[in-house]
Amino acid sequence: MSLLNLVRDLAQQNGKTVITTIHQPSSAVFRSFDQLILLSEGMVVYFGTPVASLQYLRDMNLACPDGYNGSDYWMDLLVITEDEQGQDQEEGTRKLPRIQLQEAWDGDAVAAENDKALTQAADAESIGKDGSKYSTDWMTQYFVL
């Protein structure tokens, strides 16, 4: 947690974005991230804040049990087990949570919402001399990632 706090402080002081991957973070580390992007089999199943991810699961009728680490729960939902390999993607009449989350994510709606937020942020903040507050455009940053 102290390493993440140090990296966050350095990023904020220098106006930089930090992207990291992490496997099974503690509850405190999970909640410390500004944004999460969760993937399942190469597909985005969530993008947003850690706290909102738990509300998203509640909305999907997949609520995280009380006292359970949110990142562990996400992992439980998204990991393919040995029992699952080679089987149908549905358990009886109910889809596996991983498949349900893959099919439910509306990337177009999230992209539109993010574009709107970026436009509003750009209008609210001073713009650099090159017309942008960033040294590279969003698409370039995306392709680098």
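1. Arg98 forms a salt bridge with Glu41, the closest N and O atoms being 2.3 Å apart; a salt bridge here is a side-chain nitrogen of Lys or Arg within 4 Å of a carboxyl oxygen of Asp or Glu. The pair links distant parts of the chain, with Arg98 in helix 5 and Glu41 in the loop between strand 1 and strand 2, 57 residues apart. Helices (H or I, at least four residues) and strands (E, at least two) are DSSP runs, numbered from the N terminus. Arg98 is buried, at 5% relative accessible area, whereas Glu41 is partly exposed at 48%. Buried means under 20% relative accessible area, exposed over 50%, and partly exposed in between (1.4 Å probe, protein chains only).

2. On the basis of the note: this is a predicted model, in which local features need pLDDT of at least 70 and side-chain atom pairs count only at pLDDT 80 or more, while totals for chains, interfaces and linings use all residues. Residues are numbered from 1 along each chain as its sequence is written, and side-chain values use heavy atoms, with hydrogens and water left out.

3. The whole structure holds three salt bridges. Another of them joins Asp34 to Arg8, with the closest N and O atoms 3.6 Å apart. Asp34 lies in the loop between helix 2 and strand 1 and Arg8 in helix 1 (residues 2–14), so this pair ties together parts that are 26 residues apart in sequence. Arg8 is partly exposed, with 29% relative accessible area. Lys95 and Glu103 also meet through their side chains in a salt bridge (2.4 Å, N to O), and Lys95 is partly exposed at 31%.

4. Arg8 is also touched by Ser32, which contacts Met1 and Leu4 as well, not counting residues up to four places away in sequence; contact means heavy atoms within 4.5 Å. Ser32 is in helix 2 and counts as buried at 13% relative accessibility.

5. Which residues of helix 4 (residues 70–78) are buried? They are Gly70, Ser71, Tyr73, Trp74, Leu77 and Leu78. These residues cover an arc of only 160 degrees around the axis, which puts them on the same side of helix 4; the arc is that of the directions from the helix axis to the C-beta atoms. Their cover includes helix 2 (27–32), strand 1 (36–40), strand 2 (43–48), helix 3 (50–59) and helix 5 (97–104).

6. In helix 5, the buried residues are Pro97, Arg98, Ile99, Leu101 and Gln102. They pack against strand 1, strand 2, helix 3, helix 4 and strand 4 (94–95).

7. The largest nonpolar core has 20 residues, and those with the most contacts inside it are Tyr46, Tyr56, Leu57, Leu62, Trp74 and Leu101. Such a core is a set of buried Ala, Val, Leu, Ile, Met, Phe, Trp, Tyr and Cys residues joined through side-chain atoms within 4.5 Å. Helix 4 gives the most to this core, with four residues. Leu62 touches several residues beyond four places away in sequence, including Leu57, Tyr73, Leu77, Pro97 and Leu101.

8. Glu41 has a positive phi near 50 degrees. Asn61 has a positive phi of about 60 degrees; Asn61 sits in the loop between helix 3 and helix 4 and is exposed, at 68% relative accessible area.
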